[in-house]
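Work through the exercises below with the sequence and the coordinates at hand. Each task is followed by a solution in steps.

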Amino acid sequence: MDGSRLADLGGERAMSAQVELVGVEKWFGDAQVIKGVDLAVAAGEFVVFVGPSGCGKSTLLRMIAGLEETSRGQILVEGRDATAEPPSKRGLAMVFQSYALYPHLSVRENVGFPLKAAGMSKDEISARVDEAARALRLTDYLDRRPKDLSGGQRQRVAIGRSIVREPVAFLFDEPLSNLDAALRVEMRYEIAKLHQQLGTAMIYVTHDQIEAMTLADRIVVLEAGRIAQVGTPRELYLRPRSLFVAQFIGSPKMNVFTADAVPDLDAPPGAATLGVRPEDLRIAPQGDGGLSGSVDVLEYLGADTFVIVDCGPAGRITARVPGEAGLAPGEAVALEFDRSALHAFDEKGVAVDVPARS
Ligand SMILES: Nc1ncnc2c1ncn2[C@@H]1O[C@H](COP(=O)(O)OP(=O)(O)OP(=O)(O)O)[C@@H](O)[C@H]1O
């Protein structure tokens, strides 16, 4: 899906929205954890919620699912006010990080369970289960019990159980966080393929930068119960609107330093903090001006190396350089970058434009 076209819908009520949040708030007693969220998820769109621990990602997803009551505002599903509907009436399918499979049932029975519970005919159940199994490459495992499956296969069974209900949208709450690193990569691919095949809207909560960047049509960055920024991964990476988003999106994090720490950088008017991403820095012999310091630590990763440089008043700055850096701790270096790579933020952390040097 063309992310920029979706972004153009902005805050407008898109008629094709599968799920829409209007002024949604959540209070737990006196504590307000969701502070007025507006968001329209379009048909077929993959939206990922990210944000620091405790910012309200899971609560917001559970409110959409109907597992948490909405204190104020509305949740619309296909244009219908679903705010007061129980989870089973919303037509949404939630996939949890724990698989919640029935151990005594086969894969076929597990996947078909919600359809049986809904009173569907055996033939129809069988057809839908076979179709879901094909999409998830589970056909050869239909007669096994969950205990005889790998973690990734169990996760696929859990997803299969959601697919057969043909939901309006899938809701995923950190579905891969129980899996080891290699399996996460494999399942990330599976979920991306599934989204391509089904074209169903997906709302996905994760801590994982790579999952967010690779899966999302749009990323929603939450900060203390509010949306800090919504945009395509590219927009958030290249044009973060705040220091918070700039430092949250990207790994290793964007380097930031106070504008007065490097006087000859010619900071834009109103800039209190400057930022440069690690891959935008080049290492040069120490000369005059720019960021200079001494190599503190080298982190060799194979394809590239993170060079952590102690830059005095500008603090510790990380540069990401291809291959081996060919440097040693203690070496004096300068860090160069193009002015177009510079980000700037005012005292409140709001992004300000960086004009080209005159
Ligand atoms: N049932 C509850 N009663 C009271 N407070 C709650 C309840 N559930 C969540 N909270 C609080 O609401 C806030 C948001 O929690 P939530 O689990 O949505 O955050 P999160 O962004 O998903 O965090 P994490 O990334 O750690 O899972 C937290 O401060 C949490 O302590």
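Two residues are in contact if their C-beta atoms, placed from the backbone, lie within 7 Å. The model is predicted.

**Exercise 1. Overall description**

Task: State how many helices and strands the protein chain has, and what percentage of contacts between residues at least 6 apart in sequence join residues at least 24 apart.

Solution. Step one is the inventory: the protein chain holds 9 helices and 19 strands. Step two is the extent, where the C-alpha trace spans about 80 × 45 × 40 Å along its principal axes. Step three is the contact count: taking contacts between residues at least 6 apart in sequence, 64% link residues at least 24 apart. As for burial, 38% of the 358 residues count as buried.

**Exercise 2. The nonpolar core**

Task: Determine how many residues the largest nonpolar core has and which of them have the most contacts inside it.

Solution. The largest nonpolar core has 93 residues, and those with the most contacts inside it are Val41, Val48, Leu171, Ile203 and Val221. By element, β2 supplies the largest share of this core, 6 residues. By domain, at least three residues of the core come from each of domain 1 (3-243) and domain 2 (255-352).

**Exercise 3. The ligand shell**

Task: List the residues around the ligand and sort them by class.

Solution. The residues surrounding the ligand are Phe28, Val33, Gly51, Ser53, Gly54, Cys55, Gly56, Lys57, Ser58, Thr59 and His207. Sorted by class, this shell has 3 nonpolar, 7 polar and 1 charged residues. Helix α2 (residues 57-65) gives the most to the shell, with 3 residues.

**Exercise 4. Two domains**

Task: Describe how domain 1 and domain 2 are placed and how many residues of each are in contact.

Solution. The chain is divided into domain 1 (3-243) and domain 2 (255-352). Their centres, taken over C-alpha atoms, are separated by 38 Å. Across the boundary, 4 residues of domain 1 are in contact with 6 residues of domain 2. The side of domain 1 that touches domain 2 has 2 nonpolar, 1 polar and 1 charged residues by class.

**Exercise 5. Backbone geometry**

Task: Locate the cis peptide bond at Pro252, then decide whether Glu166 and Glu174 are buried or partly exposed.

Solution. The bond from Ser251 to Pro252 is cis, with omega near -5°. Pro252 sits in the loop between α9 (243-248) and β11 (255-258). Glu166 has a positive phi, near 45°, and is not a glycine; its place is the loop between α5 (151-163) and β7 (169-173). Glu174 also has a positive phi, of about 45°, and lies in the loop between β7 and α6 (181-198). The cut-off for a buried residue is 20 or more other C-beta atoms within 10 Å, and for an exposed one 12 or fewer. Glu166 has 13 such atoms, so it is partly exposed. Glu174 has 18, so it too is partly exposed.

Methods:
Residues are numbered from 1 along each chain as its sequence is written. This is a predicted model: local features need pLDDT of at least 70, side-chain atom pairs count only at pLDDT 80 or more; totals for chains, interfaces and linings use all residues. A nonpolar core is a set of buried Ala, Val, Leu, Ile, Met, Phe, Trp, Tyr and Cys residues joined through C-beta atoms within 7 Å. Helices (H or I, at least four residues) and strands (E, at least two) are DSSP runs, numbered from the N terminus. Domain bounds come from an automatic or database domain assignment. A residue is near a molecule or strand if its C-beta atom, placed from the backbone, lies within 6 Å of it. Ala, Val, Leu, Ile, Met, Phe, Trp, Tyr, Cys and Pro count as nonpolar, Asp, Glu, Lys and Arg as charged, and the others, Gly among them, as polar.
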